[in-house]
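Please keep the sequence and the three-dimensional view at hand while reading.

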Amino acid sequence: MNERETLRVNERGHLEIGGADCVELAKQFGTPLYVFDEAHIRTMMRVFRDTLEEEYDGNGLVLYASKAFSCKAIYRIAAQEGIGVDVVSGGELYTALCADFPAARICMHGNNKLPAELAEALENGVGRIVIDSFLEADRLEEEAARRGVVQTVLIRINPGVEAHTHAYVQTATPDSKFGFSIYDGSAEEITRAVLSKPHLRLVGYHCHIGSQIFEKQSFVLAVQKNLAFLAEMKKKLGFEARELNLGGGFGVWYTDADPKLRPADYRGYLSALIAAVKKGCAELGLNLPFLMLEPGRSIVGEAGITLYTVGAIKEIRGLRKYVAVDGGMFDDPRYCLYQSKYTAILANRADEAPTERVSVAGKCCESGDLIGVDMNLPSARAGDLLAVFTTGAYNYSMASNYNRNLIPPAVLVKEGKADYIVAPQSYEDLVRNDVLPKSLR
Ligand SMILES: *Cc1c(COP(=O)(O)O)cnc(C)c1O
């Protein structure tokens, strides 16, 4: 199996996460169950935070991209670690504020923020808003003026670098719903527009080049494109950006097709990025900007696993074996969305080597409802406990009540002890917002 600091196999042959025996967790909390290792989350937050501190004189801020996993507990942990957070909706903002997250360290994103969401951000004193359209700049100016406040903003630019897991492509005419292109004049145009608005204080730019990236060179290239644009705006408009937000996208291990980075290895990505910023600024005669990074997946991805109980097993002779579990696309839609790959083991027989290749199916009425195809497992039996690794990011946050299945609860493990951070749903929760109008009563 793939052993990481977070996970180990104990003397009973059971998988342990953060010192808690998964078989015991399943007994105590039931399945399906999301399990998070608090130590891993904090370690990852600290790696990013401390690297900025040590290699960039602390002239920056790490923002946890909370769309990866959003609940009160994660905002509380981020607050305790002294980092900031990204939110992309009124709902994420509300959740952060419910956890008493300091609004000044919140950055709001989104390609179509609603007027109500902009108002909520201003109402609560959100530190930074990243502008992503002309409409939004107008709406935000109007709302800030109405409230008599000046809002700090950045502009989302598209540097024409699009990164993929192990490669990157550079496109001169980027086709994306996000950001203003630096190649077609629109980034300059929005800069002029925002600078002319008295209730918006433009401090700099933001970009986010993709997700699940392992290629350091993609980040370096994005830095170079960004800095060249900053220099151009300084020369043309006399506007020198003081802040630069380089987004997130650092990759994590899902299967052995991915590099397995230890937490400390992420320092290398930041070092490369910081070095590129320093070099570029020196060459272009720019002051070093306040630097922001927005890791999401890399903070929570490998910190989380999902536990399922194996049920029906169907063998189609000569073709395929399906191992069905008590979860599925309602707790993890990533296979359906992206054909994402995972690694799984039987947590109650974690010391056994895989002996067969199976598809792990969910329980939803949808043929595509799979956790994965061609997963290597020991021969599974009904009642076995299946652990799927690296489900901490974009699983709970993308979960649904499809087929009126209950979204599983989440527990946080600290020094071997687990507590709920997301309580179980009940059938009552499912019908809470259902209404029978008079005509149907
Ligand atoms: C999704 C997103 C992130 C986080 O990306 P990860 O791949 O999870 O690190 C950061 N910034 C923005 C603007 C995003 O949309």
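The side chains of Asn245 and Glu294 are joined by a polar contact of 2.8 Å. The model that shows this contact is a predicted one. Along the chain the two residues stand 49 residues apart, yet their C-alpha atoms are separated by 7.8 Å. Asn245 belongs to strand 14, which covers residues 243-245, and a polar atom of its side chain also lies 2.9 Å from the backbone nitrogen of Gly247.

Is Asn245 buried or exposed? Asn245 counts as buried because its relative accessibility is 0%, and the cut-off for that word is under 20%. When residues up to four places away in sequence are not counted, Asn245 touches a set of residues that includes Leu63, His109, Leu154, Tyr205 and His206, as well as Met292, Leu293 and Glu294.

Cys107 is in no disulfide, and the cysteine sulfur nearest to its own, that of Cys207, is 12 Å away. Cys207 is likewise in no disulfide, with the sulfur of Cys107 as its nearest cysteine sulfur at 12 Å. Cys107 counts as buried because its relative accessibility is 1%, and Cys207 counts as buried because its value is 0%.

Another cysteine, Cys365, lies in the loop between strand 19 (356-361) and strand 20 (370-377). Cys365 counts as exposed because its relative accessibility is 63%. Leaving aside neighbours within four places in sequence, Cys365 is in contact with Tyr402 and Asn403, while its C-alpha atom is 43 Å from that of Leu122, a residue 243 places away along the chain.

**The ligand**

Glu294, the partner of Asn245 in the polar contact described above, is also one of the residues that come nearest to the ligand, together with Lys67, Ser211, Arg297 and Tyr394. The ligand has 15 residues around it, and by class this shell has three nonpolar, seven polar and five charged residues.

| Residue | Protein atom | Distance to a ligand oxygen atom |
|---|---|---|
| Ser211 | N or O atom in the side chain | 2.3 Å |
| Tyr394 | polar side-chain atom | 2.6 Å |
| Gly249 | polar backbone atom | 2.8 Å |

Taken alone, the ligand exposes 390 Å², and the protein buries 93% of that area.

Helix 7, made of residues 186-195, is mostly covered, with seven of its 10 residues buried. Which residues of helix 7 are buried? They are Ser186, Ala187, Glu188, Ile190, Thr191, Ala193 and Val194. The buried residues of helix 7 pack against several elements, among them helix 6 (134-147), strand 9 (151-158), strand 13 (200-206) and helix 8 (216-237).

Helix 10, which covers residues 297-300, contains Ser298. Ser298 counts as buried because its relative accessibility is 4%, and beyond its neighbours within four places in sequence it is in contact with Met44, Phe48, Phe250, Val252 and Tyr266.

**Backbone geometry**

Most residues other than glycine have a negative phi, and most peptide bonds are trans. Against that background, the peptide bond from Thr31 to Pro32 is cis, with omega near -5°. Pro32 lies in the loop between helix 1 (22-29) and strand 4 (33-37).

Gln212 is not a glycine, but its phi is positive, near 55°. Gln212 is found in the loop between strand 13 and helix 8, and it is buried because its relative accessible area is 9%. Arg404 also has a positive phi near 55°, and its place is in the loop between strand 21 (385-389) and strand 22 (410-414). Arg404 is partly exposed because its relative accessible area is 42%, a value between the limits of 20% and 50%.

Key:
Residues numbered from 1 in each chain as written. Predicted model: local features only at pLDDT ≥ 70, side-chain atom pairs only at ≥ 80, totals over all residues. Heavy atoms only, no water. Buried < 20%, exposed > 50% of the residue type's maximum accessible area, 1.4 Å probe, protein only. Helix = DSSP H or I, 4+ residues; strand = E, 2+ residues; numbered from the N terminus. Contact = heavy atoms within 4.5 Å. Near = heavy atom within 4 Å. Polar contact = N/O pair within 3.5 Å; in protein donor to acceptor, adjacent residues only side chain to side chain. Areas by Shrake-Rupley, 256 points an atom, 1.4 Å probe, with all protein chains shown as cover. Nonpolar A, V, L, I, M, F, W, Y, C, P; charged D, E, K, R; others polar. Disulfide = S-S within 2.5 Å.
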